[in-house]
Structures are given as C-alpha cells and as structure tokens.
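Try each task before reading its solution.

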Amino acid sequence: MITAGIDVGNKYAKVVLLDGDRVLARQSRPTGFEQKEAASSALVAALAEAGISREQVAGVVATGAGKSEVVFADDHITEVGADARGALFLVPAARTVVDVGAEEGRAIRLDGNGRVVDFAMNEKCAAGAGSFTESMARALEVDLIEMGPLSLKSTRLVPMNAQCAVFAESEVVSLIHARTSKEDIARAVNDAMASRIVSMTRRVGVEKEVVLIGGVAHNVGFVKGLEEGLELKVVIPEGPEYVTALGAACAAREKAGNGGKDNG
Amino acid sequence: MLANYGYQDGSGDFFITINTDRCGECQAKGCAAACPAGVLEIMEDDYGDVVASVREEHRKKIKYSCASCKPGHRGIHPEGGSEAGPPSLPCQTACAAGAIRHSW
Amino acid sequence: MAEAEQKKEFWRWKEYNWHNPDLDWRVGKIVSGGVDVGSVSSQAVVMVDGELYAFASMRTGSDSPSSAENAFNWAVEDTGMTLGDIHYIVGTGYGRVNVPFAHKAITEIACHARGANFIYGPGVRTVLDMGGQDCKAIHCDEKGKVTSFLMNDKCAAGTGRGMEVFADLLGVSIEDVGELSLQVDEEPEPVSSTCVVFAKTEATGLLRAGWSRERVLAAYCSAMAHRVVTLLERIGVEPEFAITGGIAKNVGVVRRIEKELGITAAQTSYDSQIAGALGAALFGRALAQKGK
C-alpha cells in the first residue's frame, strides 16, 4: 500500500512516498508564500520520481506549520507525532528525537513502545532554529551550506553574547570589523545554536539513541557542537529533512490500515 | 524591591523574580549553592543590600540556563505559565524567605 | 558597509552638548558627575549642588573608556572644568565597568529611576525606557528609589533595533515611522509574530497582498505597543507614567501604548536620553555628601 506524507515547513514543503516499508520518493519545494501550491508541486514531483499516479496513493497525511493548507490531505498529524514515527521507522532504537528546522526546534522523548513521553519546543523565536544560522550566513556573506565546513576550520573560541538573531547580526558585523576570522565567527554561531538546542533537549531528558533530524542536521558544525554538549554521538538518518514527512506517511499507512483511526 | 531578571521573546515570558526585601532578611542565602546551573549569585545591590541575583551572563538565556530543572510540555502548564512555578525547583526549596518566583 | 551602517543608526546619534553659563561651578560645594556608556550612545552630566550644570550626548565609539572621557570633556567644554574638579563620579550603563575615572559603578536601572524622578518630578512612579537595544520597565517611589524593575535586552522586538529592521524593509526613515503609521483609516490587525525576523517575513507577505506601507507600519507599531504593554503589566502601571528612550519619539508607538493602557505619558522639556547619566550624577552627589 502506497501512502504519502507531506510536511509543509516554513521554508520547504517536503513529500515522502512510502510503499509498505520502502521509501519510493522524496521531493521538496520552497514554500514561499504559497503553501498549498508548494505542497502540490512537491507531491507531483514525488509521484513522477516514483513513476506512479495519484490514484495509486491510498492515503495522504499532512503535517508541519502549513498542514491546514493541504486541503487535499486525508488527515493531519502534529509535528511531534510525525517526528516520532519517522525517527522510529528509520532508527527503531530511537529514544530521543531532536528536530531542528528553519523556524522551529523540537526535542521528543520516546518510551520503549515508541510512545511520546514528553516534548519541548523552541518556537516563534528566530534564534531557536535554522533562521538564526541563515541570518548569520547572510551577515558573513557566505552560503548557508558553507556554515558547517567553515566552522570546522576555526582555531579560536569567540563568545557570542547575543541571544537574538537581530542582535547577533550586529554582533557578527562588529566581529568582522574587529578582524575576527569568518571561520571563528561561524563556529561561534553554530556553537550558540547548538547550546540552545542542547538545553531544550535536556528538558525532556537525554536517552540514547538520540536521533537528529531536520534541515539543520546538514550543518556539520552544529552537529559537532550538539554532540559536545550532549556528550554523545547522535544518529543522523539519510535525508534528515524528510523524516517528518516520512512520519506523516507512516501515519497515513496506520490510518489506511486501521480503517481511518488516527493514533495522533 | 521586586527584581525581575530574564526576558520576553516570541516563545514566551521567562523571568526569575527576586523579592529583595524578603531576601535581605535571610542570612543563609542557600539558593545560589542549590542551583545546579550556577544561575544565581549573592551580591550587594545599588542600595547596599546583600541579596540574590541572576548572574549577568544568564539573564539573556534564562530559559536555557534553567532548562535542566524544568520539565517538558507535559510537565508544566501551557503558555502563560504558572506564577508559583513548580514547587520542586532547588532554588525555591532552598530559599527560606520565599523570595524567588519563576514566571514559567 | 561601515558608512551605510552609520547612516542607518544616525537617528540615535544626535550629538549635543550644553552647559549653564550663569552658574559658576567654582563656588559650588559639591560637584558630581555621571557618565552613562550605552552600546550606541554615551551621555555625561555634571551637577553642581544638585543643580544641572552641564551635559553632553555622543556616539559611543568602539572604545568605551575613551567614550566616557570624551563625553565628559565635551560636556564641560569652555567651562574650565576638568575631571579632577569633580568630587564624585558615578559610571553607569552597559559600559559602566569601563569608566576608569569613576569612583563607583551603579546599574542603569537605579540611575534611570533617579534621573526620571529629577526630570519628571517626584510624582513619577512608572518609567518605560525603550532604547536602541533594550526595553526597561521601572517602578520608583517619590525619592526615585526603585521598587520593582524588569529589563529585556535579549530580544529585538520592542527595541529601536527592531523598529529599524522594519523601517529598512519598508524603505522609510526611522523618524517618519510614527507619523506614517497613524495615516490609516482604521487600525489593522497587529502583526502576529513577536519575533522581528518572522514579523519581517509576515510584513513582506502583507505587502505582496497589497497592503500599503502605512498599513504595515500601523500593524507593526501596534504589535510593538502591545508587546511593550504586556511587559509593563508584569510589574503594573501606576501614574505618573513616563516614556523615555529613542522610541519615545515614535508617536505611532507612544499613542498606541497610551491607548492600550488608558493613561497619558508625562511630558518634559528635558531630553530624556540624559536620564541615566543624570541619575548617576545624583547618586554621586549623595555619596559625596556621605563622605564615601
């Protein structure tokens, strides 16, 4: 049975097509201001990638900030529920899931049965998630994907005092004027982000395996800071930004299998 | 005086309020040592009273500094917080004068 | 890039100095000084026997200690006074630990309350200071002693910096924001995001949907006013109520705050920007009198 999960994030709309236990396709489109269109277009692209038609999809579940815009979905689930399902699908030993996206960060604690025990969120503040790194990359005049590798070349620890993306941008500009290297600044930025995510994760308690998902998982500098802060190695599945959509596809599978019952 | 340390941002209000009049009556000041994150310190304020305060370096990230003592969403009230805070915070338990309040 | 930034921050940098030509400081009993080193601007105030004698406001350079000295020297320009003539100097503000010639450092909260008490009179009880990078709510008694306070310097929302981001987005100069925001037929819904970064995205969406600049500014000023009011309500608002700091000059935010609180802010002929340094100088006088 083929199902689709759509995660309409603040920056990207992601779609995953799942056939039983096999991932058939993964596609993403920038959300921009048109959430419904981005979701549709990502779904169309995923169907093309899988070589199947819309009719072959038994169920569609949407999640993410823009989930209510996906009017063609059969159901919605919370991002916490989607994160949990997606992480467990890929890493059955997952007990702590950390999802860092463009505008929101989440930490979820699971029990041995995969049930959500507790969760904590960083929301509505750009310093709590990927937007922070994005703003700083602009201030440093480097591409976002450079922020990770650049920071690994840092030779000096430079503290970052600002806890706000707007003030941090001014701070970065001052650091640049003071001739601090971009490598050192990038590290300070990633460390600051990691420190906030570590604190958020501690609120739910840290138990291995800790699975890191969401777009920011691609930032190797952030991952380094996170692992240092949590004092353990995290598991990063392939395609971390798609795991939430995968979780929604799992939920669609459950729903279709249970004749429409939603396990939330 | 009611000294509020912390901040308000998009994700909520995070303030630790120290009632310095009550705090001034306490000699032991066990709160600073009781905090596992080293958030509190004892100092002389602008009016010459020796009272507890939140360290400068923690004031802008108090939500994160206090995180290890605060449960996740299932353990606390939703947005709006509880003025009294959870009763089992180490700083509040150690405070003989009942001078410490958390806004979340 | 440096020049563009300087131009951007110009609104907070109106530099000025003044001294009272009719007062002979040499015959004064106690000469006290206060220096407020902020992250963007620094003020210096000199008082002679509790009377305002001289003050200056200037941009804080990258070097706090010299900013303090420069501000002081400019305040007493042409008066013949030097640092050595001051009996007691108090440093305050973000850079207060960097005023090497100060006898004592006192927090900006305490100094601001004391200064507001001087500027607005002993009836002032609640002071809201909206600065370039922070927002303070202070309660004081009739002597200008702080009875409760709250400061937010973590988040750009509710600060001048946050307003600047919006002004830039809309291509409007910061001085015009207030007036423009009042040019709407009816008050729009306030911007829903508190966070300046997200509010900016939201505003971009509103502009695309056809909202005028004035309407977007109204929505943002409204959101900022509301946010500041919730901060104030954490310690309560008691008359008389005074608003100081850069945003005090933004009529769009001020009117909306007054409307939501149902209380009019007090007026003064002084520039409220010197409140911190003035309070510091008053503390200095009291400490000199006590022989500390």
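**Exercise 1.** Find where A:Glu141 lies in chain A, and decide whether this residue is buried or exposed.

*Solution.* Start with the place: in this predicted model, A:Glu141 belongs to the loop that links helix H3 (130-140) to helix H4 (147-152) of chain A. Next, look at the backbone: the phi of A:Glu141 is positive, near 60°, and the residue is not a glycine. Last, count neighbours: A:Glu141 has 9 C-beta neighbours inside 10 Å. Exposed residues have 12 or fewer, so A:Glu141 counts as exposed.

**Exercise 2.** Locate the cis peptide bond between A:Lys208 and A:Glu209, then the one between C:Pro239 and C:Glu240.

*Solution.* In chain A, the bond has an omega of about 0°, and A:Glu209 sits in the loop between H6 and strand S9 (210-213). In chain C, omega is about 5°; C:Glu240 falls in the loop between helix H7 (213-233) and strand S10 (241-244).

**Exercise 3.** Describe the side of chain A that touches chain B.

*Solution.* Begin with the count: 15 residues of chain A contact 14 residues of chain B. Strand S8 (116-122) and helix H6 (182-202) are the elements of chain A that give two or more residues to this side. By class, the side holds five nonpolar, four polar and six charged residues.

Definitions and conventions:
Residues are numbered from 1 along each chain as its sequence is written. Chains are lettered from A and ligands numbered from 1 in the order in which they are written. This is a predicted model: local features need pLDDT of at least 70, side-chain atom pairs count only at pLDDT 80 or more; totals for chains, interfaces and linings use all residues. Two residues are in contact if their C-beta atoms, placed from the backbone, lie within 7 Å. Helices (H or I, at least four residues) and strands (E, at least two) are DSSP runs, numbered from the N terminus. Ala, Val, Leu, Ile, Met, Phe, Trp, Tyr, Cys and Pro count as nonpolar, Asp, Glu, Lys and Arg as charged, and the others, Gly among them, as polar. A residue is buried if 20 or more other C-beta atoms lie within 10 Å of its own, exposed if 12 or fewer, and partly exposed in between; C-beta atoms are placed from the backbone.
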